[in-house]
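Please look over the model below before reading the numbered points, which take up confidence, helix packing and aromatic contacts in turn.

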Amino acid sequence: MTAVADRDVVFPQPVFRRAVRARLLELAAELPDRLRPCVLPLIHNPGKGVRSALVAAAAAGGQPDPAELVRIGAIVELLHLASLLHDDVVDRAATRRGMPSAHERLGAETALLAGTACVALVGQEAADLGPVVAGARGRCGAAMALGQMMDVERAYDTEFGTDDYVAMVQKKTSELFKLCCVLGAGCAGAGADFVSAVAAFAIEIGVCFQIQDDCKDFLPGNAGKPAGTDHKLGLFGLPTLHAVRARPDELGPLLLAPEIGPAELTRIREIVVSAGGVEYAITEARRHRARAFEALAPFEATPAWTALREVTDAVWTLS
C-alpha cells in the first residue's frame, strides 16, 4: 500500500472530525474558566463541520502530515466558532444550534471576550505551524472582520445591489472557505496551480453557501437561528433584496417598519416568494456552485476534486 493510500485510510471524514474536535477541546482548556462555558457547548455540538471537512477534502490524494492537518482543521473551526460568538451578539440571536446563545446565557461582554480569546488561540496555533499558515490566517481574519463591518453598515438598505451583496459575502463567508481549502491543499504538498484553483473554488462555493442560508427563512423545515432575525435587524438576504426591487412599494415599507412582528414577517415571506425572490436566489446559488467547479475543471480526475464535490453535495439543501 502506498503512503498516499495510508494517509487516505487514516483520514476518512468521521475520524478526522473526531480528531479535530479533540484538538479543539485541548485548545479550549487554555481559556480562562469564565470564558470556557461560552465555547464548549459549540464544540460539543459542532454543526456540520463544513470548514474542517473542506480542509481534509482539499488534502485528499496528497501526503499531508496527519497532526498538522488536524491542527489546521481546528484552526478553521475555532475561527468560525469565534465569528459565531461575535455574530450572535451583533445579531442579538437568542439561540445557536438549538441552544441558548452564549450572550443569552452568560452576557454579551463575556461572549465577546470569549470570541476574542478564541481568535487569539487561533493566532497562536497558526504561528506554531509557521509563517505561511500564520500569514494566511491573518489575512483571512482581517477580511472576515471587514465583511462583518460591510454587513452591519448596509443595515436597512433596500437598494443594496447584488454585486455589493456578493462582495460582502466574499469577505464575510468565502474567505474562511478559502483558508480551509488553501491550507488543506498546501499541507498535502499541492502545486501552485491547484492551490490557485481551489482558492477560486472556495470563493464561489462560499457565496453559494451563504445564498443557501439566506433561503432558509422561506423554505419548509427551516433550522438554525430563529426565522426572521435578519429581517428584524435590516440585514436582507438575496431573496429579499431581489423581491424589494421587483415590488418596492409593497415590500419596502414592511422592511423599514419600526416594529416587525409575526404578522409582518408572514407578509414579508409571502411577498418575497410571490415576487420570485427565492427562485432568483436559488438560481444564483446554482450559478456560483457551477462556477466553483469550473475553477476546478483541470483537476476533475483527482481525489481532491471528488472529495470537494462530496462535501459540497452533502451541504447542498436546495431543490
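1. Over which residues does pLDDT stay under 50? The stretch is residues 1-11, for which the model has 15 contacts beyond four places in sequence, a contact being heavy atoms within 4.5 Å. pLDDT is the predictor's confidence in each residue, from 0 to 100. Where pLDDT is low, the predicted coordinates should not be read in detail.

2. This is a predicted model, in which local features need pLDDT of at least 70 and side-chain atom pairs count only at pLDDT 80 or more, while totals for chains, interfaces and linings use all residues. Residues are numbered from 1 along each chain as its sequence is written, and side-chain values use heavy atoms, with hydrogens and water left out. The protein chain averages a pLDDT of 91, and 93% of the residues score at least 70.

3. Helix H4 (residues 50-59) packs against helix H5 (residues 66-91) at an angle of about 150 degrees, and their axes are 8 Å apart. Helices here are DSSP runs (H or I, at least four residues) numbered from the N terminus; axes are lines fitted to C-alpha atoms over the stretch in contact, and angles run from 0 to 180 degrees between N-to-C directions. H4 and H5 are therefore roughly antiparallel, the classes being roughly parallel under 35 degrees, roughly antiparallel over 145, roughly perpendicular from 65 to 115, and oblique for the rest.

4. H10 and helix H16 (residues 303-314) pack at about 10 degrees, with axes 13 Å apart, which makes H10 roughly parallel to H16. Phe194, Val198, Phe201 and Ile205 in H10 meet Ala304, Leu308 and Thr312 in H16; these residues divide into 6 nonpolar, 1 polar and no charged.

5. The count of aromatic pairs comes to 4, with rings of Phe, Tyr and Trp (its six-membered ring) pairing if their centres lie within 6.5 Å, and planes under 30 degrees apart counted as stacked, over 60 as edge-to-face and the rest as tilted. Phenylalanine 177 and phenylalanine 209 form a tilted pair, 5.3 Å centre to centre with 55 degrees between the planes. Phenylalanine 177 lies in helix H9 (residues 162-187) and phenylalanine 209 in helix H10 (residues 192-214), so the pair ties together parts that are 32 residues apart in sequence.

Terms used. Helix = DSSP H or I, 4+ residues; strand = E, 2+ residues; numbered from the N terminus. Nonpolar A, V, L, I, M, F, W, Y, C, P; charged D, E, K, R; others polar.
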